[in-house]
Amino acid sequence: MKTNFPYILFFVLFIYSCDKNDDQPQSPIDQLPPATQTGEQTFGCLIDGEPFISDNFGRGRPSAFYQYIDGKYTFNIGAYKSSDSTLNVAIAGRNIEGLQESIFRLIEEEDENIFGKLIISKGGIQLNSSSLTENPGELIITNFDPDNFILSGTFEFTVLDEEGNEIEITDGRFDVKYTN
C-alpha cells in the first residue's frame, strides 16, 4: 500500500514555515490606515516612529465633534488605544469659528487656538502634554463636509514629556464623521 505521508509532511512543514506576518506591513507608516476622505472612522499616526492606531471600538473608536458650546465653537478629533497603558491622541480647539479645508498651526492649548494633545495613562495620568507655540505642529483639513458631517485630514506635532524630552507625533491622518 502506497502512503501519501511524504506529501503530507511536506505540506505541514511548508505551512508552518510560512511567516504568519507576511501579510502585515512591516514599515510603521504602512501600518497606518489609508488617507481616505469618505468618513471611514479611521485615525492613526506615528508616536516617536511607532504606529498608533485606534482600537476602533467602544471608547477607542475615533470620534470628532464641531459644536457650538457655551457661546463658542469647539472641536475635537481624537482616538484612544488601550493596552498596558492608555494612549489618547487628539487635535482640538476652543472658540474656533469657521472651520474649513485649510492649513492650521497647532500651538498652545488656549482659547482661539488649535492644538495637538497626547495623554498617556497607566493607573492614573502619566503624561498630559500639548503642542507648543515655540515648536508648532500642523493640521491640514483636506475634507470638511458639513452636509455629510465628514472631517478628514493630516497632522503632526511635538509635545514634551515631564523631563522636557520631545515626543514626535508624525504622519497623522484621520477620516471621521463628526457630531454637530
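Author: Start with one definition. A residue is buried under 20% relative accessible area, exposed over 50%, and partly exposed in between, using a 1.4 Å probe and protein chains only. Areas come from the Shrake-Rupley method with a 1.4 Å probe, and for residues only the protein chains shown count as cover.

Reader: What kind of model is this?

Author: This is a predicted model, where local features need pLDDT of at least 70, side-chain atom pairs count only at pLDDT 80 or more, and totals for chains, interfaces and linings use all residues. Residues are numbered from 1 along each chain as its sequence is written, and side-chain values use heavy atoms, with hydrogens and water left out.

Reader: How many helices and strands are there in the protein chain?

Author: Helices (H or I, at least four residues) and strands (E, at least two) are DSSP runs, numbered from the N terminus. Here there are 1 helix and 11 strands. In sequence order the pattern is α-β-β-β-β-β-β-β-β-β-β-β.

Reader: How much of the protein chain is buried?

Author: Of its 180 residues, 38% are buried. The chain exposes about 10,800 Å². Carbon and sulfur atoms supply 50% of that area.

Reader: What share of the contacts joins residues 24 or more positions apart?

Author: Contact means heavy atoms within 4.5 Å. Take the contacts with a separation of 6 or more: residues 24 or more positions apart account for 52% of them.

Reader: Which strands does strand 9 pair with?

Author: Two strands pair if DSSP finds at least two bridges between them. Strand 9 (residues 137-145) pairs with strand 6 in the antiparallel sense, over 4 bridges. There, leucine 106 stands opposite glycine 137. Strand 9 also runs antiparallel to strand 10 (residues 150-160), joined by 7 bridges. Phenylalanine 144 stands opposite leucine 151 in strand 10. The hairpin of strands 9 and 10 has 4 residues between the strands. Phenylalanine 149 in that hairpin takes a positive phi near 55°.

Reader: Which other residues have a positive phi?

Author: Glutamate 112 has one, with phi near 70°, and this residue is not a glycine. Look for glutamate 112 in the loop between strand 6 and strand 7. Glutamate 112 is exposed, because its relative accessible area is 57%. Aspartate 171 is not a glycine either, and its phi is about 55°. Aspartate 171 is found in strand 11 (residues 166-177). At 32% relative accessible area, aspartate 171 is partly exposed.

Reader: How many salt bridges does a search of the whole structure find?

Author: First, the general idea. Side chains of opposite charge can pair when their charged atoms come close. A salt bridge is a side-chain nitrogen of Lys or Arg within 4 Å of a carboxyl oxygen of Asp or Glu. The search finds 4. In one of them, aspartate 111 meets lysine 72, with the closest N and O atoms 2.6 Å apart. This pair links distant parts of the chain, 39 residues apart. Aspartate 111 is in the loop between strand 6 (103-106) and strand 7 (114-121), and lysine 72 is in strand 4 (residues 72-82).

Reader: Why does lysine 72 count as partly exposed?

Author: Because its relative accessibility is 31%. Aspartate 111 is partly exposed too, at 37%.

Reader: Which residues pair with glutamate 109 in salt bridges?

Author: Arginine 94 is one, at 3.6 Å from N to O. Glutamate 109 is in the loop between strand 6 and strand 7, while arginine 94 is in strand 5 (residues 86-94), 15 residues apart. Glutamate 109 is partly exposed at 32%, and arginine 94 is partly exposed at 30%. Lysine 117 also pairs with glutamate 109, at 2.8 Å from N to O. Lys72, Arg94, Glu109, Asp111 and Lys117 are linked in a network of salt bridges.

Reader: Is lysine 117 buried or exposed?

Author: Lysine 117 is buried, because its relative accessible area is 16%. This residue is found in strand 7.

Reader: What does the side chain of lysine 117 make a polar contact with?

Author: A polar contact is a pair of N or O atoms within 3.5 Å; within protein, one must be able to donate a hydrogen and the other to accept it, and residues adjacent in sequence count only if both atoms are side-chain atoms. The partner is the side chain of serine 130, at 3.2 Å. Leave aside neighbours within four places in sequence, and lysine 117 is in contact with residues including Asn88, Val89, Ala90, Asn128 and Phe157.
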